[in-house]
Every structure is written in C-alpha cells, then in structure tokens.
Amino acid sequence: MKAKKRKSLEVKIGNLKIGGGNEIIIQSMTDTDTSNIKDTVSQIIELIEAGSEMVRITVNTEEAAKSVPEIMKILRDKGYRTPIIGDFHFNGHRLLMRYPETAKLLDKYRINPGTTLKDRNFETMIKIAIDNNKPVRIGVNWGSIDKELLTKKMNENAKLKTPLPFKKILLDTVVESAIISAEKAIEIGLEESKIVLSAKVSEVDDLVYVYRELAKKTKFPLHLGLTEAGMGLKGIICSAIGIGSLLLEGIGDTIRVSLMPVPGEKRTKEVEVAKEILQALGLRNFKPSVVSCPGCGRTKSNLFREIAYRISEFLEQKIKEDKKFLNLKVAIMGCVVNGPGESKFADIGLCLPGTGERKAAIYVKGKFKKSIDIEKAEEVLRQEIEKFL
Ligand code: SF4
C-alpha cells in the first residue's frame, strides 16, 4: 500500500513537468570536465540512453561556461531534448552574468546557498533566472552549509536551558537554509512555480528527517538524494533505503542516486539503480518484472535460476521492440512450495519441480494451465510469453 503522494507545486523544467502529481523523474550528473565538450556530450548521451530524464553538468569555470552553448547545440541537433541543468557554486553569479547564452540555454540552475558566499551573489543568480524565465533548484548540502546561519542557530541553542544536540541543530539549519533561500528568491521576484528544493545529507536517518521537515513546511517539489552515498553495495543500499523510505511516504518529485562508480563501472549505474528503486516501489515501470525465488535445498538444480536469467534478458530485448509490455510480470519459481502462490500474482508463472516432484507447471493469469517436462520448461515458457504478448 502506497502512501498518498505529497502535493507539491508543479515546476516546468525544459520539456518536463515535475511535482504537482507528475511522475517521479530520474536525474543524474556528469563527472566530466564540462570544458571538454566531446566527453561531456558523450557522457550526457550515455546517461540519457540509460534512462536519465534530466542531466546536471558542473559549470565551475569560464571555460565550462563557454562550452555550454556548444554542448546544448550538439545535443539538440542530435534530437536529445532532455533538460540540462547547470550546477553553480562560488562564481555562479559571475559566470551567468558573463555568459548570457549559457544562462539562456540551460534548462535550470542549481544554486547552493552555502556557496553563493554573499546575499548579493544569490540575488544576481535569481535575477538572471527571472530574466531568462528559468527554474532554480535551491540545493542545500550539509557539507557546505551556510556558516553564518549555523553560527546563529548554535548561539541561540547555547542560550537554552537544555541545549539540543549539535546534529539536530545542524539538520534544522539545513532545512531552514533551504526555506529561507526560497523565501528570499520569491522576495527578489522569482515565481513560486520556479523553485525546487533539496537538502542533502549523507546518513539515511538524517535524510529522512530533513525531507520530512521540508515536506511539512513547504509546498515546493523536492529533489531527493543522499549526498556522497558511497560506492558499490553500500551506496546502493543507503540510497535505496533513504530515497525509498521517503517515496513510500509520498515525499519526493525527482531523485538522484549519487553513487561513486567503482573502477570499471559506468557512470550510468546510478541511473540503473534509480530505475530499480522506482520499479521496486511500484512507482514506475521500466521493464517487465521477473519474480524468482532464491532457491534452497528443495531445488534439484540451477535450472530455474538459469531460466530466470535468460528470460529476464529476453524480456529486456522484447521491451526495446514494444513498450506496451512494461507491466508484464513473470514468476519463475524453484518448486511447488511457493510457486503456485507467487504465480497467482503474475501474468505467467513457471514452477519447476523440487524434491519429490517430477513435472514443471505453467500458470497463466494466476491459473494452472498445464504440466510439462522439465526439459521443455523454458521453451514452453517462452511460447506462453509470446502468446501473451
Ligand atoms: S519456492 Fe521452493 S525452491 Fe524456491 S525457495 Fe521456496 S521452497 Fe525453495
């Protein structure tokens, strides 16, 4: 059972709409030097092809800012309409002023209030966003929290009879920094429907705390993600739990899985993980689902695992040809203990014989269809899938 989705304001980013009940969008970020146009374009395309629906690039130097128009031109000429977001810190106000074409072509600016250094720099960036009719993401990060605000909160806390723990003050400052910055942007003249908020931290429980607070206190769409989630399995699990917990509560409009790729791994892994998170929660479907049991001492061979693996690949191929089978669910189970039960909730089920059983069984739409010899199991399953499709 899913919680009711939090109602946020709708924000248009390029050709996409986020928040306001729209589906949850996957974002990713390049790790190339943006001034290297060839590598940046190539990585953006890889991320888009993997399923990223918005891509953020860093705009940190004059050369990077100068390269943005060419990057945008190549992408658009190749037919990629995916919104491209510029990530600005420290010198963002100067770069956006000096490179008006870059300001005009980017689909959104990400501004970190902790690295704008001065209020007037923040104001400059917001005014440029207004002039170019662009949305901004006010992205607070606890690693670069507004020091002045934190000091003020710490001083207030010190005066309390029972001061609160430092961690709580820090997290509350993260939340407050995002809210105050959004209010400032509105005062400067930015429309409410041009603001997205994020407040990234690197621990799962802290992430859930800050986003619950933001969800309670604001109506802006929220971009979810752990910052520095880490690498490998740890990064995947922490992101899945953190982002997944919030999505289950109906909180979150866009997500990014900030994985550090391990050597040999592609940058696109973060997009694959984001897709799996959304699919596991039943929020979006990117491919047909294959349910299979882990196997145990009752399985007589690895056959059901091999079939499950091959059928997954077969379905991924099929889905490239025709997207209308995204919702298809196939169950491939090791034996009769849980096979029939699981097959009841699948479109097509295959239950292989475990200890003491001789035949495999096929289920269609939850009903037993026929018994088959084990040697024919995969072939018959494929035929049934083809018929179903
Ligand atoms: S369905 Fe059968 S083979 Fe699979 S885990 Fe359960 S008991 Fe073991």
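Which residues have the most contacts inside the largest nonpolar core, and how many residues does that core have? The core has 79 residues, and Val174 and Leu197 have the most contacts inside it. A nonpolar core is here a set of buried Ala, Val, Leu, Ile, Met, Phe, Trp, Tyr and Cys residues joined through C-beta atoms within 7 Å. A residue is buried if 20 or more other C-beta atoms lie within 10 Å of its own, exposed if 12 or fewer, and partly exposed in between, with C-beta atoms placed from the backbone. A second, separate core of 25 residues includes Met333, Cys351, Ala377 and Leu381. In soluble globular proteins, nonpolar side chains tend to be buried together.

The structure is a predicted model, in which local features need pLDDT of at least 70, side-chain atom pairs count only at pLDDT 80 or more, and totals for chains, interfaces and linings use all residues. Residues are numbered from 1 along each chain as its sequence is written.

## Overall organisation

The protein chain has 389 residues, of which 43% count as buried. Its C-alpha atoms fill a box of roughly 75 × 60 × 35 Å along the principal axes. The secondary structure comprises 13 helices and 17 strands; helices (H or I, at least four residues) and strands (E, at least two) are DSSP runs, numbered from the N terminus.

The chain is divided into domain 1 (11–280) and domain 2 (289–388), with bounds that come from an automatic or database domain assignment. The centres of domain 1 and domain 2, taken over C-alpha atoms, are separated by 41 Å. Two residues are in contact if their C-beta atoms, placed from the backbone, lie within 7 Å. Among contacts between residues at least 6 apart in sequence, 66% join residues at least 24 apart.

Helix H7 (residues 166–188) has 23 residues and should span 33 Å at 1.5 Å a residue; its end C-alpha atoms are 32 Å apart, which agrees. The expected span is 1.5 Å times one less than the number of residues. Buried residues of H7 are Leu171, Thr173, Val174, Val175, Ser177, Ala178, Ser181, Ala182 and Ala185. Their cover includes helix H5 (119–131), strand E7 (136–141), helix H6 (147–158), strand E8 (195–200) and helix H8 (204–217). Not counting residues up to four places away in sequence, Val174 touches Val140, Trp142, Ile145, Ala199, Val201 and Val210. Just after H7, Gly189 takes a positive phi of about 130°.

Strand E7 also holds Gly139. Gly139 is buried, because 26 other C-beta atoms lie within 10 Å. Apart from neighbours within four places in sequence, Gly139 is in contact with Arg110, Ile111, Asn112, Ser198 and Lys200.

## Selected residues elsewhere

Val68 lies in helix H2 (residues 62–77) and counts as buried. With neighbours within four places in sequence left aside, Val68 is in contact with Val59, Gly86, Thr102, Leu105 and Leu106.

Ser292 belongs to strand E13 (residues 289–292). Residues up to four places away in sequence excluded, Ser292 touches Phe304, Ala308, Ile332 and Met333.

| Pair | Separation in sequence | C-alpha separation |
|---|---|---|
| Gly139 and Leu170 | 31 residues | 16 Å |
| Val68 and Ala103 | 35 residues | 9.1 Å |
| Ser292 and Val330 | 38 residues | 8.5 Å |

Phe90, a residue other than glycine, has phi near 55°. It is placed in the loop between strand E5 (84–88) and helix H3 (92–98), and its 14 C-beta neighbours inside 10 Å make it partly exposed. Lys365 is not a glycine either, and its phi is about 50°. This lysine is found in the loop between strand E16 (360–364) and strand E17 (367–372). Lys365 counts as exposed, because it has 12 C-beta neighbours inside 10 Å.

## The ligand shell

There are 13 residues around the ligand, and Cys293, Cys296, Gly334, Cys335 and Val337 come nearest. A residue is near a molecule if its C-beta atom, placed from the backbone, lies within 6 Å of it. The shell divides into six nonpolar, six polar and one charged residue. In this classification Ala, Val, Leu, Ile, Met, Phe, Trp, Tyr, Cys and Pro count as nonpolar, Asp, Glu, Lys and Arg as charged, and the others, Gly among them, as polar.
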